[in-house]
Amino acid sequence: MQKTIEFQNNAFTLLGGIEGIRSLADCFYDIMDSQPEAGRIRAMHPADLGPTKERFAFFVCGWLGGPQLYKEKYGSIDLTGLHSFLQINGADRDVWLLCMEKALSRQPIEDDFKNYLVQRFRRPAEKICNWCQQQFMQTPVTIKPDNG
Ligand code: HEM
């Protein structure tokens, strides 16, 4: 419990500040780019992952208690809204989290902190997935008239 509070209060610093977060973002998208099982979610992203890496790093920076770089540069972010045009399902969410877990394992951080961060990323990933599924279910299906 004590450790969780320490992680919560110091996540940005413990991950190595903006440089550590940039390194996590680079590693995460490089893993997504190279793992065949991540092909479906990789295909949702643009060919050039450079700008995506930067926006993600800026967002994570503020999200983990550091400077609000994303907000300053792009304005506030609604994570669910931002992903709602995508058809993200449970398998996509799990692959995304697996790529993140692998990327975190490659950072110079202790295991307990890594596990804490995996759980922390899980929450928005669940929310995004549930939201996308809901949006998808609500999309009206257009039935073409049968002229035959
Ligand atoms: C659940 C699985 C997820 C999938 C499949 C997914 C997929 C995507 C895709 C396709 C983009 C657009 C990339 C681009 O156009 O450059 C994106 C952007 C982004 N995602 Fe996710 N995402 C997921 C979860 C998350 C989570 C958990 C977070 C935050 C903790 C997150 C944060 C972001 C941010 C900050 C951006 C950039 C926003 C911008 O364009 O300004 N995503 N994501």
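Predicted model: local features only at pLDDT ≥ 70, side-chain atom pairs only at ≥ 80, totals over all residues.
Residues are numbered from 1 along each chain as its sequence is written. The protein chain comes to eight helices and zero strands, where helices (H or I, at least four residues) and strands (E, at least two) are DSSP runs numbered from the N terminus.

**Overall fold**

- Along its principal axes, the C-alpha trace of the protein chain spans about 70 × 30 × 30 Å.
- Of the 148 residues in the protein chain, 19% count as buried, a residue being buried if 20 or more other C-beta atoms, placed from the backbone, lie within 10 Å of its own.
- Among contacts with a separation of 6 or more, 70% join residues 24 or more positions apart, two residues being in contact if their C-beta atoms, placed from the backbone, lie within 7 Å.

**Nonpolar core**

- The largest nonpolar core holds 22 residues, of which I21, L24, A25, F28 and V60 touch the most other members; such a core is a set of buried Ala, Val, Leu, Ile, Met, Phe, Trp, Tyr and Cys residues joined through C-beta atoms within 7 Å.
- At least two residues of this core come from each of α2 (17–34), α4 (50–63), α7 (90–105) and α8 (111–138), and α2 gives the most, with six residues.
- Leaving aside neighbours within four places in sequence, V60 is in contact with I21 and A25.

**Helix α4**

- With 14 residues, α4 reaches 20 Å from its first C-alpha to its last, close to the 20 Å expected at 1.5 Å a residue, the expected span being 1.5 Å times one less than the number of residues.
- Buried residues in α4 are A57, F58, F59, V60 and C61, and what covers the buried residues of this helix includes α1 (2–14), α2 and α5 (69–74).
- After α4 comes G65, whose phi is positive, near 100°.

**Ligand surroundings**

- Of the 22 residues around the ligand, M44, T52, F59, W96 and A125 come nearest, a residue being near a molecule if its C-beta atom, placed from the backbone, lies within 6 Å of it.
- The shell draws at least two residues from each of α3 (39–44), α4, α6 (79–83), α7 and α8, with the largest share, five residues, coming from α8.
- By residue class, the shell divides into 16 nonpolar, three polar and three charged, where Ala, Val, Leu, Ile, Met, Phe, Trp, Tyr, Cys and Pro count as nonpolar, Asp, Glu, Lys and Arg as charged, and the others, Gly among them, as polar.

Terms used
Buried ≥ 20, exposed ≤ 12 C-beta atoms within 10 Å, placed from the backbone.
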